[in-house]
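Let's take a walk through this structure together.

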Amino acid sequence: MSVRCDRSRPIDRRIRVQGQPVDSYPALPEEAERGSVRRVTVVGEEVLSRPCREVTEFGTPELSALIDDMFLTMYVADGAGLAANQVGVDLRLFVYDCPDDYGIRHVGHIINPVLDLPDPGSRRLVDEFEGCLSVPGAAMTVPRTDRAVARGLDKDGNPLVIEGTGYFARCLQHETDHLFGHTYLDRLSKRDRKDAYRQMEDRREDVFAQRAIKAASLGR
């Protein structure tokens, strides 16, 4: 997957945490170290098919604990992003640890995000395979724009602007869809959706077994 860029300027390849470059960052963030593994919901469960509620209380221990748990759950499931309703909580929040097409790692969380996509005249759609932790074992081609900007808040209520290109832009769009009660299956044709369900049926038990192994390796 390629993205447009300004070749005249060098690329800052530092890790972005909450949208800001940092010189170093651990492979497993502190949030995950503090967290507990939660069950990942599976497509068909009602919480995944309705819009999530806005977060109205910030800076609470409960919100911080949810974010910690979501980070660890995401790593155990080998995900690049995870929305709150994927752990059964209908709040407008997702976490991510996702590379862009330059290999730059983006890590963070965002609450009550609003997604800005390029205008139709300048929009470039990219067809790439996409999976979902709530559709275990399936992957299908989904068109997404190669750029996206998410505007929202952090857990303390501070404003955030997260810019994504390439694969990370896809992640921002995928997770924001979850918060509106949609999975990537909703963007597929009827035939492709049936194919995805077949893949999930064939592979889900293997996926669950791998998650259990990963949780054990992390001592969880």
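Predicted model: local features only at pLDDT ≥ 70, side-chain atom pairs only at ≥ 80, totals over all residues.

Start at Thr-73, which touches Ser-36, Val-37, Arg-38, Val-40, Leu-82 and Val-87, not counting residues up to four places away in sequence; touching, or contact, means heavy atoms within 4.5 Å. Thr-73 has its place in helix 2. Helices (H or I, at least four residues) and strands (E, at least two) are DSSP runs, numbered from the N terminus. With a relative accessible area of 2%, Thr-73 is buried, a word that stands for under 20% relative accessible area, while exposed means over 50% and partly exposed lies in between (1.4 Å probe, protein chains only).

Residues are numbered from 1 along each chain as its sequence is written, and side-chain values use heavy atoms, with hydrogens and water left out.

Now step back to the whole chain. Its secondary structure comes to four helices and nine strands. Read from the N terminus on, the elements run β-β-α-α-β-β-β-β-β-β-β-α-α. The radius of gyration is 17 Å, close to the 17 Å that the globule rule gives for 220 residues, so the chain is as compact as a globular protein of that length. (This radius is taken over C-alpha atoms, and the rule is 2.2 Å times the number of residues to the power 0.38.) Along its principal axes, the C-alpha trace spans about 50 × 45 × 35 Å. Of the 220 residues in the chain, 48% are buried. Among contacts between residues at least 6 apart in sequence, 69% join residues at least 24 apart.

What lies inside? A nonpolar core is a set of buried Ala, Val, Leu, Ile, Met, Phe, Trp, Tyr and Cys residues joined through side-chain atoms within 4.5 Å. The largest one has 26 residues, and Leu-66, Met-70, Phe-71, Leu-82, Leu-93 and Val-95 touch the most other members. Two or more residues each come from strand 1 (15-17), helix 2 (61-76), strand 4 (93-99) and strand 5 (105-116). Helix 2 gives the largest share of this core, nine residues. Apart from this core lies another, of 14 residues, among them Ala-80, Ala-83, Phe-94 and Cys-171.

Leaving aside neighbours within four places in sequence, Val-95 is in contact with Ile-67, Met-70, Phe-71, Met-74, Gly-81, Leu-82, Gly-108 and His-109.

Next, visit Leu-28, in the loop between strand 2 (20-22) and helix 1 (30-34). Is Leu-28 buried or partly exposed? Leu-28 is partly exposed, with a relative accessible area of 23%. Beyond its neighbours within four places in sequence, Leu-28 is in contact with Glu-33, Tyr-75 and Leu-218. Leu-28 and Gln-199 are 171 residues apart in sequence and, C-alpha to C-alpha, 30 Å apart in space.

Finally, two backbone details deserve a look. Gln-18 sits in the loop between strand 1 and strand 2, and its phi is near 55°, a positive value in a residue other than glycine. Gln-18 counts as buried at 18% relative accessibility. Asn-112 lies in strand 5 and has a positive phi of about 50°, although it is not a glycine. Asn-112 is buried, with a relative accessible area of 12%.
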